[in-house]
Amino acid sequence: MCVAILRAEPEHAEEVERTIRDIAAATRDEPGALAFVLHRQGADTFIVYEKYADEAARDAHFAAPYVAGFVARFPELLAGEPQIEFAEELVGFAR
């Protein structure tokens with residue numbers, strides 16, 4: 001599981017949201033992608049929850065051109081470094 005917190009520069013918040021929405025749509029078709037949920041907190045903070053079948057699927061996602069291209073633009077789009085956390089899911093449910 002991966003949770004990313006991205007704080008957009010105010011003038012780029014809408015572009016960041018559009019880009020993450022596009023990434024979510026593309027991720028839906030990735031083998032091994034189990035979940036991708038975008039949340040918005042306030043005007044310019046985005047929280048992304050991602051879940052993959054295994055580490056190889058997660059690595060393939062981050063290597064995809066649409067993700068790598070977005071990551072390369074972080075210095076321009078974000079107000080500081082993103083906070084990205086990886087964890088092993090122990091228990092839970094989704095409806």
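This is a predicted model: local features need pLDDT of at least 70, side-chain atom pairs count only at pLDDT 80 or more; totals for chains, interfaces and linings use all residues.

Trainee: On which side or sides of H1 do its buried residues lie?

Mentor: The buried residues of H1 are Ala13, Val16, Glu17, Thr19, Ile20, Ile23 and Thr27. On the other side of H1, Arg18, Arg21 and Asp22 are exposed.

Trainee: How far apart are the end C-alpha atoms of H1, and what span should its residues give?

Mentor: H1 comprises 15 residues, 13-27. At 1.5 Å a residue they should span 21 Å, and this agrees with the distance between the end C-alpha atoms, which is 21 Å.

Trainee: Which element supplies the largest share of the largest nonpolar core?

Mentor: This core has 18 residues, of which Leu6, Val16, Ile20, Phe36, Phe46 and Phe70 touch the most other members. At least two residues of the core come from each of S1, H1, S3, H3 and H4. The largest share is four residues, and its source is H1.

Trainee: Which residues does Ile20 contact, leaving aside its neighbours within four places in sequence?

Mentor: Ile20 is one of the buried residues of H1, and it is among the core residues that touch the most other members. With those sequence neighbours left aside, its contacts are Leu6, Phe36, Leu38, Phe46, Val48 and Phe70.

Trainee: Which strands stand at the edges of the sheet?

Mentor: The sheet is open, with four strands in the order S2-S3-S1-S4 and antiparallel pairing. An edge strand has a single partner strand, so one side of it is left without a neighbour in the sheet. The strands in that position are S2 and S4 (83-86).

Trainee: How many bridges join S2 and S3, and how many join S1 and S3?

Mentor: Both pairings are antiparallel. Ile47 in S3 stands opposite His39 and is also the bridge partner of Ile5.

Trainee: Which residue takes a positive phi in the hairpin of S2 and S3?

Mentor: This hairpin has three residues between the strands. The positive phi, near 70°, belongs to Gly42.

Key:
Residues are numbered from 1 along each chain as its sequence is written. Side-chain values use heavy atoms; hydrogens and water are left out. The expected span of a helix is 1.5 Å times one less than its number of residues. Buried means under 20% relative accessible area, exposed over 50%, partly exposed in between (1.4 Å probe, protein chains only). A nonpolar core is a set of buried Ala, Val, Leu, Ile, Met, Phe, Trp, Tyr and Cys residues joined through side-chain atoms within 4.5 Å. Contact means heavy atoms within 4.5 Å. Two strands pair if DSSP finds at least two bridges between them.
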